[in-house]
Amino acid sequence: MTLPSLRASRPVSLWTRIVALISLLLIAGTLITGSLSLFLLNRTLIQSVDTNLSSGIGNMIDRAQGGFVVDEDDTRGGSIPVEYAVEIRDESGQVIDQDVVLYRDEDVSIDFPDLSEDQIRTLDGQPFTVLDSTENRWRVAARVNTGEGGGTVYVALPLDGVDRTMHEMALIIVLVGTLVVLVGMGAGGFMAHRALEPLQDVEATASQIAGGDLSRRVPVTDTSLEVAALAMSLNEMLVRIEQSFAAQAASEEHATRNEAKMRRFVGDASHELRTPLAAIRGFGELYRMGALSTDESVAQAMRRIEDEARRMGSLVENLLRLARLDENPDLDLAPVDLADALFDAAQDLRALDPERQVMVVTLSGLPLPVAPHHAVGVLGDEASLRQVILNLVGNANRHTPKGSPVEIAVGPTEAGTVLVEVRDHGPGIDEDQREKVFERFYRTDSSRVRAASQGGGAGLGLSIAATIVQQHRGSIGVAETPGGGSTFWVELQAAEVDEEHTVTPDQARSVTERPGAPEVGDQPAS
């Protein structure tokens, strides 16, 4: 494995990089600071020794060489150091005397350099450093004797104190620097861990999301402003991603459901159309083969053909109605008074079944007033809402025994809407079938169907009603009537209706004055 691939497979963590960078910066800072401090301290101490050496050189020469005279400019006075060394040479450079004064009881000799008078004058009193026999450093200043006898004088001060101070200072710098580096590494590592800890939460959340849990969110902490901003941005992104996936899943589910409904719709429509077509074709073949020998049988066959054609026409008309509703789901909604439509539906049902008791009541069961100023205002399209009420009333007429009572109830709700109920007292609908009665071509079991005596139904009436109510942004459903039967209810948005637009229903109008009213019984229902 090559080095680049190894690095790619084992990347260094960000925490390690931060701690390593902090450590390198602390070590470099400690080294630079310590070195500079030692340099400045050594220079200061040496300058102090040089000052003492320059200020005490005259006294040291006088003490070491009684009566030894030096140049007046070179004698600056001052106290004699407690530790010093003096060496006197004659004009030929021979050592006349060397005197070394130390605290410690040790035989020490200093090997002063052989400098000519010209070299000493060139130095002009500038001190320099030499080593003694024990490898200790001394600071030396040389002078040319301008008095009697001539020669040169070397005066030296020990640098033991300077070296000892430098060693102690170096040790302190090493110890303190090491402590600073260790503490800095620990503090830096802790702060880096605190700052990067939310990123671990981001990593854990990303892993859970990758596993399919889109509901997970990144915890937002206050340890770092940047990480908190990142967490909030990621959470917003996750919300949008989850919404997108949910919308996509809902769309796919809706498409799958619509495809299944379409397949069943096509199959049921084909079945419903095939039945009347088969009947029509059958009677036509009977007539062609001469099986209808009498005028009465021919007339009966024609009536059956007409009935089947009417049934097929009603089915096609309702299919077209559903197609138009699906194609144009938006309606022009306006305030509408439903009172006239409710009373008209009751009048039509009485015309179809004179023995049936039909009442228009409030939700509490009291008869609905018919005064001119009473209105049931909703927001909707009047023709479409009439279609809904007719389909519900026609469904009650089709699937309940003749003569059984029906109530049409209406009234406001606590939610500010208007509730319309069509209550019958027939066999009722099983609870597991109540959610399906609004599906297209769905029909309940035979206990509720009187299709044999009334020509059958295709199961589109309630589906049309549900589609219209949905376009009105309302809701529709079915519940059990107290005492038995079914109650189909529609909830619509309430609206204020102007007094001049209210209508007083004429309950005395005969059915013959309302062409097409009996068609309520022919509305396809569930």
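1. Helix 8 and helix 10 meet through two sets of residues: Ser384, Gln387, Val388, Asn391, Leu392 and Asn395 on the helix 8 side, and Gly461, Leu462, Ile464, Ala465, Ile468 and Val469 on the helix 10 side. Contact here means heavy atoms within 4.5 Å. Helices are DSSP runs (H or I, at least four residues), numbered from the N terminus.

2. A word on the source: this is a predicted model, where local features need pLDDT of at least 70, side-chain atom pairs count only at pLDDT 80 or more, and totals for chains, interfaces and linings use all residues. Residues are numbered from 1 along each chain as its sequence is written, and side-chain values use heavy atoms, leaving out hydrogens and water.

3. Now to Asp50, which sits in helix 2 (residues 14-64). Is Asp50 buried or exposed? Asp50 counts as buried because its relative accessibility is 14%; buried means under 20% relative accessible area, exposed over 50%, and partly exposed in between (1.4 Å probe, protein chains only). Beyond its neighbours within four places in sequence, Asp50 is in contact with Pro127 and Arg139.

4. Leu214 belongs to the loop between helix 4 and helix 5 (225-288). Its relative accessibility is 24%, so Leu214 counts as partly exposed. Setting aside neighbours within four places in sequence, Leu214 is in contact with Ile209, Glu242 and Phe245. Have a look at Ala246 too: its C-alpha atom is 9.7 Å from that of Leu214, although the two are 32 residues apart along the chain.

5. Finally, find Ile172 in helix 4 (residues 160-210). Ile172 is partly exposed, as its relative accessible area is 46%.
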